[in-house]
Amino acid sequence: MKLIEKSQYTVLKGNYAVAHGVRLARVEVISAYPITPQTTIAEKLADMTATGELKARFITVESEHSAISAVIASSLAGARSFTATASQGLALMHEMLHWATGARAPVVMVNVNRALAPSWNIWTEQTDSLAQRDTGWIQIYNESNQEVLDTTILAFKIAERVYLPTMVVLDAFILSHTSEPVEIYPQELVDEFLPPYEHPNAINFDDPRAIGAFARPEYYMEFRYNIQKAHEEALRVFKEETELFADMFGRKYDTVEEFMLDDADYVLVLAGSTATTAKYAVAQLRERGEKVGIMRIKLFRPFPVEDVRRVLSGRKKVAVIDRNVSFGHSGIFYMETRAAMYGAKDRPPIFGYVAGLGGRDVRPQDIIDIYEDMKRREEPENIIWKGVRV
Amino acid sequence: MAKKYDFKASELPISPMTLTTTLENPTGGWRSFKPVIKNKTAPCTATCPTKVLIPHFIDSLVKGDLDMAANLLHRNNPFPSITGRLCHAPCELPCNRGKYDEPISIKQLERFVGDYYLDKKGKPPRRETGKRVAIVGGGLAGMAAAYYLRSKGHEVVIYDRNPNLGGYLRYYVPEYRLPLAVLDAEVGALERMGVKFVLNTEVGKDIGFEELKEKYDAVILAHGSSAPANPDFPGVELLKSGWDLMKEVREGARPKVSGKVAVLGNGYTAFEVARVLRRLGADPFVIYPTAKIRIPFSDREIFTLAEEEGVKFFFAKVPLKAERRNGKVILTVAEWDGKDIVPATEREMEFEEVFLAYEGTADHGFLPDTIRTDGTLKADRRSGETPLEGVFVAGESVSGPSPVVNVIYSGRSVAAAVDAYLRGRTYTPESMPEVVGYERIVTDYFPKAPRVPEMRLSPTERIHSLTREEVLGYTQELAMKEAERCFNCGFCNACGNCYVFCPDYTIKWVHGRPKVDYEYCKGCGVCSEECPRGVIDMVKEREF
Amino acid sequence: MSWAWVEVKPNENDLMHPGHLACQGCGATIAARLALKVLGRKAVFVIPASCWSVIDGAWPQHALQIPVFHTAFETAAIAATGIRAALDMKGKHDVHVVAWAGDGGTFDIGLQALSGAAERNENIIYITYDNEAYMNTGIQRSSSTPLGAWTTTTPDERPEDKPKKNMMEILAAHRVPYAATASIAYPDDFIRKLKKATQVKGFRFIHLFSPCPPGWKMASNLSVRSARLAVETKIFPLYEIEDGEVYTITHWPKGLPVEEYFKLQGRFKPVLKDPDRLAYIQRYVETQWEKLVRLHEASHGYLPEEARATIRSAI
């Protein structure tokens, strides 16, 4: 019997899928602070560490800032480390997100996308994670609970190959609190995929060094250069590891997912669980003979410029649907997609739509409306609000 | 400045992890003042006529190295067991500890270490120089000179008219004050060192001065000041000699004296004669020429002892006349203002006996005129050099009556001059580094502690014995306790403060001592400030 | 025998290289040297933003001969916790994880993480080297700045008008197993306390008084002397609190007038010019001290003889 055949199929909420991914990755130090909708991750991991199902130290900190600080430190002390948060919590961590990158701590964090206050809002929106774009973290967005589990495991593998912190992102409630069938792999197989964690610069009592000492202008920039190089490397590593993952676990992921794109003139670009809704809508549109497909962005940092260009070049029109907004400009995926396409051959006009902020539902009809709006429009616009009462 | 590197990005570690140490930064360049570890002179040593290395020997005592303590002590004082009993201890007056609580009992510590070492000392020199030195007079000065010259490897022969060495100490100073056993041990040590004694031989009578000069490479005149020097007043010949009394008593006689007796004198001997008389059962009165407050410091101790024992005093009085009436001595005295007799202050006093106890004077009769002027010797006070080549003078024969420690210093410094002379070198008097004042002492490091009193007989116990030693000194335990009080001013005793407090770890600890690493020392001055005993100075590095 | 060698052994665990970047006379470096003498090589220092971020050296240099983990200003306690967790998971139980933070990183910005770690009784040693202001940024007030002091944000015209935050009471309220004050001027006391701390499991806190000559406007040679006077004037008492309840004063001060301490330092110039304020501070110090003495008495049931002399009955 092949190891993969020992997998268990179960129905899991997205947050529990995270917890199982963390367990399978044999994480050693966990630190988390409760915030809706992340709480059930912390609860499940607390259970797992309490029962011994997962042999890890769970540090029940007093803030997200401390949660991330703890795991950066534990990561550089040689332990595989994990934290999870959302929204305000992620914003509070901001300082340490830069720190994790600068220190080259390959921690993995799950962020459950939630809107930022005020007004208080606990529902899904991508602005929290996208606002951390420039912190140097690898960011991976997910569409399903299975993908969440798989990506959690993959995230450790990638992070620990390039020594960059990695953020696994899922949507509040739509994934985090929604049950879906999930395949849970046997531990032995995950162990084959993910070797024990080691960091060459981890705290070493036999060779005492200072990690993070201040560097004068004559040295600082080379370290920053190396972080950029690590991100470039991460893109290759992402490809390699998703290939290997597909071989071992039978599920293939890529930097972007292409849906019904073979002959598509029109492409809808989006990320996260909204893609599922969009796929349903696109299928309906296809039945009507519309030549439309979807490009779902999975890897946001490093940004897969080449894949985006390959997929979008030569299309008639592209609509980017953002569940986020960078005030004063546009949706963030839109901005990134357009930037990637600048200078590409056969560049299509790109239309930016902002929809579903603060957990407002994005229904199949909304997607169809967007598609039709795009088709109608002559000139692209940076920011077209979908469903706002004005 | 910091060392520059030219790392390429590809050469860097993954995390911003250090690759080397701050030893690359020679921070000594920040310095404008530099600490200099330099021993200084303690006020006690500076005041001690013979410059005993007091903080040094006390430190060894504290560390339990009694032999080292003795060695350091003997470096400038060959006879600590004698000074430990007889010295007037001027060293204790300026003791910095005295400004904090009470001065260190240096004299008793000296005595303790001296007595500990008494039977151990007396090693012959390692090398003989072949030079020969004659010393005229085996008193304290001659003995001291002999000690140092012999330890330098010279052949030393002491000529003394008495049957044994020691002079005044042996024949006059009472047993209760200086046991003969102590003196014998010191003489024994000289013997063991190889000093030769020619006894019962008076220079000028049994052997000529010129003969000595010919036979020896150098001659030291240390014949002392023991010739009587009584004032001249009518009836003085009727009075008894205090000196003779002391001598008799020292030899074991116990003459009967009782009732009111008087002692006439001008110094130590007068007080001592009175004390002997008290012990013999008399009721002595000392008639003393100056006011009480004018008693010199060197005689204060003995004065206090005498007073405690019931000796009475008439101060600022001088005798004018003595008569014998009905078996009593009637002494006419008058007030003395220091220069003249105060008019109309004459009065008569009646005593059973009156003893003359004036300090002696030197008799240079045996010496050629070339080195004499009016009864005093022409000699340099420190080196003892005289106009006659190879002839030196030491001790009271040149200085007149002096405290024991001054006499010892004279012997020691003259020995140094003679040694230089014998080696054909120029004699340079020893110099002392600067003195450490109280302001340099960080008293915070010294808990207040009263001076440890030495064991003594009570005045009542004292007056009942002429042989029992009156001061018993310290046990080892008491000595250690007292020694620990010492600030060790100006003497690095390796306390470790500078090492402990150096913010830059540039005071290294090398072979048990601090050493400044100037390559890195930033010159903050903490070591200097925290040195409890003023050993570390901050010296300006350069001019601005 | 000198006191210095009672607890300090020469040439043992001298784990701080010279050439570091501290100012002349820096108390914090004396503090680190002494701490390492106790901790030895089996220790890691977690250093948040503070003078020590600079002192340890600019990359690629490093002064301490133990691993150092630099972390953000407010994270000393939690980063130490994270390292402890990792080392425990790796079975490295024989090393000490030490948060080495300044007063700003402890009293102010780091207080939350500190409180969290203290409350969870994390198995770390937290040492705050207290120089009573933000010195590394150029002498701004912190909640550790003492009553009456000048800083660049409490200028002479409006000197610090609130007393120093009582961190020890905050720690005591967390019921940590061991909390102690110490001073660089009393290395024997500090080393004894740190040794004791190393033998306790759980959260251990040492509040280490560590003068800053430039920040206190005093000559660099006075750092130890000023630290000593802070103790002897009862401004900074040396004591320890076990389990948050048992108070023990470890050094009975001489009880010198506070001016003795103030007059060494330019930062107290405004106080020295203002007799009312000076008297107020003296009274404040006496009251605080008396409270502490009472806590000692309550903990032990009696007071030693030397204690009585330190209390002014006239208060």
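**Chain C up close**

Mentor: Let's start where chain C meets chain A: 9 residue pairs are in polar contact across this interface, with both residues at pLDDT 80 or more. Please keep in mind as we go that this is a predicted model. On the side of chain C that touches chain A, five elements supply at least two residues each: strand E1 (43–47), helix H3 (51–55), strand E2 (68–70), helix H4 (76–89) and helix H6 (111–119) of chain C.

Chain C brings 39 residues into contact with 38 residues of chain A. Together the two chains bury about 3100 Å², and 69% of that comes from carbon and sulfur atoms. Three residues deserve a click here: C:Trp59, C:Phe69 and C:Met89 supply 21% of the area that chain C buries against chain A, more than any other three residues. There are charged pairs as well, as the salt-bridge rule finds 3 across the interface of chain C and chain A. In a salt bridge between C:Arg120 and A:Glu62, the closest N and O atoms are 3.6 Å apart.

Next, turn the model to look at chain B. The contact between chain B and chain C takes 43 residues from chain B and 46 from chain C. The buried area is about 3600 Å², with 55% of it on carbon and sulfur atoms. Here the rule finds 4 salt bridges. C:Arg228 and B:Asp444 form a salt bridge in which the closest N and O atoms lie 2.8 Å apart. As for polar contacts between chain B and chain C, the count is 33 residue pairs, again with both residues at pLDDT 80 or more. On the chain B side, the elements giving two or more residues are helix H17 (497–501), strand E19 (507–510) and helix H18 (526–530) of chain B. H17(B) gives the most to that side, with 4 residues.

With both interfaces in mind, let's look at some details of the backbone of chain C. C:Asn13 has a positive phi of about 50°, although this residue is not a glycine. You will find C:Asn13 in the loop between helix H1 (4–7) and helix H2 (27–39) of chain C. The relative accessible area of C:Asn13 is 24%, so this residue is classed as partly exposed. C:Lys217, also not a glycine, has a positive phi of about 50°. To locate C:Lys217, follow the loop between strand E6 (204–209) and helix H9 (223–232) of chain C. C:Lys217 is partly exposed, at 36% relative accessible area.

One last stop concerns cysteines. A search over all chains finds 0 disulfides in the whole structure. In chain C, for instance, C:Cys26 is in no disulfide, and the nearest cysteine sulfur, that of C:Cys51, is 6.4 Å away. Is C:Cys26 buried or exposed? With a relative accessibility of 11%, C:Cys26 counts as buried, because the cut-off for buried is under 20%.

Terms used
Residues are numbered from 1 along each chain as its sequence is written. Chains are lettered from A and ligands numbered from 1 in the order in which they are written. This is a predicted model: local features need pLDDT of at least 70, side-chain atom pairs count only at pLDDT 80 or more; totals for chains, interfaces and linings use all residues. Side-chain values use heavy atoms; hydrogens and water are left out. A disulfide is a pair of cysteine sulfur atoms within 2.5 Å. Buried means under 20% relative accessible area, exposed over 50%, partly exposed in between (1.4 Å probe, protein chains only). Contact means heavy atoms within 4.5 Å. Buried area is the accessible area (1.4 Å probe) that two parts lose on being put together, summed over both. A salt bridge is a side-chain nitrogen of Lys or Arg within 4 Å of a carboxyl oxygen of Asp or Glu. A polar contact is a pair of N or O atoms within 3.5 Å; within protein, one must be able to donate a hydrogen and the other to accept it, and residues adjacent in sequence count only if both atoms are side-chain atoms.
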